[in-house]
2 protein chains.
Amino acid sequence: MKKLINDPDAVVREALEGVEAAHGDNVRVNYDPMYIVRADAPVQGKVGIVSGGGSGHEPMHGGFVGRGMLDAACPGEVFTSPTPDQMLEATKAVNGGAGVLHIVKNYTGDVLNFEMAADLAKGEGIDVEAVVTNDDVAVQDSLYTAGRRGVGITVIAEKICGAAAEEGQSLADVAELCRKVNGQGRSMGMALTPCVTPGSGEPSFELADDEMEIGIGIHGEPGRYREKLASAANIVERLSTAIVDDLPYESGDRVLAFVNGMGGTPLIELYVVYRELDRFLSGRGIAIERRLIGNFITSLEMAGCSITLLRLDDDLVRLWDAPVDTPGLRWG
Amino acid sequence: MKKLINDPDAVVREALEGVEAAHGDNVRVNYDPMYIVRADAPVQGKVGIVSGGGSGHEPMHGGFVGRGMLDAACPGEVFTSPTPDQMLEATKAVNGGAGVLHIVKNYTGDVLNFEMAADLAKGEGIDVEAVVTNDDVAVQDSLYTAGRRGVGITVIAEKICGAAAEEGQSLADVAELCRKVNGQGRSMGMALTPCVTPGSGEPSFELADDEMEIGIGIHGEPGRYREKLASAANIVERLSTAIVDDLPYESGDRVLAFVNGMGGTPLIELYVVYRELDRFLSGRGIAIERRLIGNFITSLEMAGCSITLLRLDDDLVRLWDAPVDTPGLRWG
């Protein structure tokens, strides 16, 4: 195992100390239990938004804490769900009286723990709504999931709901918006290589030198099939066909197109992928109105990519374009 | 070789087509000869800034074309210098009458070709100044370089000089500023793994499973020494000591600290590195006032990192903070 770390058991905590040292003007880090929270939390009268999940997917979620996106993020150990007490304390820390939205990727541990945290928070008088994302069309159930996995749309939902909360929308409205984004979003990913978690020191799975895995999850859990490595055009066609046919996205649709790197794929390759996606969608009469290209929901150093589409309308475009100021996404 | 590409010989061109498809509102791509240029170029009365170099280091340089940073970037083939005709045409395309600055990393091919392009541009009546960056303290000469290599400071110089040009500073002043940034900047990098260029299909060098290379260049060219993998704390101490002792940076100095990923290193590890750098510099009485953490000058999928420091003053802080709107850096 080759990693820039000190102690495999201390990676998450030490990375958080790095986050605090780097971004302490904008976020605070709580270590016991662990969460990253906006420095100005709670923002009175604003819906608070909390997400979280296993570490190893950075910048998601901790890199998205800041004005216009998340109020707090709860990092678990690498590829391990955070605990209910993290989520509860984060929820209390961001509650400004307008309630708190939990955005939860559909992984069984995350869902159960966020449910428990929501119950506890409600017991303390905090209004909580939870939305579970499940945009991955690859498989119905998987190693860690009943139903579809929540993947790339989570990043987009955090951005769009963050903007809505910043505008002063109510908890019910922000939650409804989150369900809408999830409902209009679909994703699928693939991998060229496995990743190695610091704790295990072993590759998350085995792939031959000439193989790829289509439909993989963000922890290296199995996808739809494993086969000989194909061209970018062929790979994009298969991912995109599965995505587009699922919702379905239709001629005349306006979309946000998100080409995400799994961590170890160079940006030059992600732009080749984007070229193919642009051609594919053009051929279907689907117009890309907004795009995001880069490493945003990763699997440590895994090589590969995922594609996420979101069907847009004017309201979603406005919220996507709204200013955001986080380490992982910043504009406006 | 496992890459998300179609044809090894078409990677650069197809990635540029992806850039054009994605960012066509803000940049134009010229294919013969190849360069990326601001859509609104030439900006009348503004100093134009052109950089360039081999591809495979994305987002540098093409990802830094836009308001507040570069006016144009010339991508060579992967790890191969661009040609003088690319640089000449890019120079002409961004000349708004106030002259053009070439920011050139010290690699022999880049330097010679930019010199030729500058001569040709001057022959056409364009005022050109060139600044060669050479911030890498690792080695005096290297495989592709006489003198020190130009690495991480190039990104920072492009940002700061881009802001100065946007303010309307003269060519002489922007060039002097670039020399100042280079003079006050130092870098050093290391690698855990090699990378594979699409053209060769072979690793750029060999490293045993328990080895790392300290002082490596951005093409995998040899560094200072190769030894057993050490802890992040130990690695950072060695890189930082070499950097700090070289300028030297002294107690009371204010710096911009840039922790750069080589492409294949997860962000969580870069934050562990940042933690160590923060501690190291604190111990020396050096204050980090600004920071940049992520993959900005890469070597395809190489795992590893580099550290760059820039000694700051109020003027440099103001220019660093100025708005920038490029695919690779965006704020304000």
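1. By what turn and what shift along the axis can chain B be laid on chain A? In this predicted model, a turn of 180° and a shift of 0.0 Å along the axis bring chain B onto chain A with an RMSD of 0.0 Å. The two copies are thus related as by a two-fold rotation axis. For a reader who wishes to find that axis in chain B, the C-alpha nearest to it belongs to B:G264, at 2.2 Å.

2. The contact between the chains can be described next. On the side of chain B 59 residues take part, and they are in contact with 59 residues of chain A. Of the interface residues of chain B, 100% are also interface residues in chain A, so the copies meet through the same surface. About 4,500 Å² is buried between chain B and chain A, and carbon and sulfur atoms give 63% of this area. In chain B, the residues that lose the most area to chain A are B:K2, B:L4 and B:I268, which together make up 20% of what that side buries.

3. Charged pairs also occur between the chains. The rule finds 8 salt bridges across the interface of chain B and chain A. A salt bridge joins the side chains of B:R275 and A:E17, with a distance of 2.4 Å from N to O.

4. Within chain A, the domain assignment gives domain 1, covering 11-184, and domain 2, covering 185-321. Their C-alpha centres lie 22 Å apart, and the contact takes 37 residues from domain 1 of chain A and 38 residues from domain 2 of chain A. Between them, these two domains of chain A bury about 3,100 Å², with 64% of it on carbon and sulfur atoms.

5. Which residues of domain 1 of chain A lose the most area to domain 2 of chain A? They are A:F79, A:V137 and A:Q184, and together they account for 21% of what that side buries. Across this interface of domain 1 and domain 2 of chain A the rule finds 3 salt bridges. In chain A there is also a salt bridge between A:K180 and A:D313, whose closest N and O atoms are 2.7 Å apart.

6. Chain A contains an open sheet of 6 strands, with mixed pairing and the order 1-2-4-3-5-6. Strand 1 (27-31) and strand 6 (128-133) of chain A are its edge strands, each pairing on one side only, and neighbouring strands are turned by 20° against each other on average, direction ignored. Strand 2 (residues 34-38) and strand 4 (residues 72-78) of chain A pair in the antiparallel sense over 2 bridges, and A:I36 stands opposite A:A73 in strand 4. Helix 5 (residues 171-183) of chain A packs on the sheet, where it touches strand 3 (48-55), strand 5 (100-105) and strand 6, and its direction makes about 5° with that of strand 6.

7. In chain B, an open sheet of 6 strands has the order 1-2-4-3-5-6, again with mixed pairing. Strand 1 of chain B is joined by 5 bridges to strand 2 (residues 34-38) of chain B, and the two run antiparallel; the bridge partner of B:V29 in strand 2 is B:I36. Helix 1 (residues 11-23) of chain B packs on the sheet and touches strand 1, strand 2, strand 3 (48-55) and strand 4 (72-78) of chain B, its direction making about 155° with that of strand 1. Helix 5 (residues 171-183) of chain B lies across strand 3, strand 5 (100-105) and strand 6 of chain B, and runs at about 5° to strand 6.

Note on methods
Residues are numbered from 1 along each chain as its sequence is written. Chains are lettered from A and ligands numbered from 1 in the order in which they are written. This is a predicted model: local features need pLDDT of at least 70, side-chain atom pairs count only at pLDDT 80 or more; totals for chains, interfaces and linings use all residues. Side-chain values use heavy atoms; hydrogens and water are left out. Two strands pair if DSSP finds at least two bridges between them. Helices (H or I, at least four residues) and strands (E, at least two) are DSSP runs, numbered from the N terminus. Contact means heavy atoms within 4.5 Å. Axes are lines fitted to C-alpha atoms, for helices over the stretch in contact, and angles run from 0 to 180 degrees between N-to-C directions. Copies are superposed by least squares on the C-alpha atoms of residues with pLDDT of at least 70 in both. Domain bounds come from an automatic or database domain assignment. Buried area is the accessible area (1.4 Å probe) that two parts lose on being put together, summed over both. A salt bridge is a side-chain nitrogen of Lys or Arg within 4 Å of a carboxyl oxygen of Asp or Glu.
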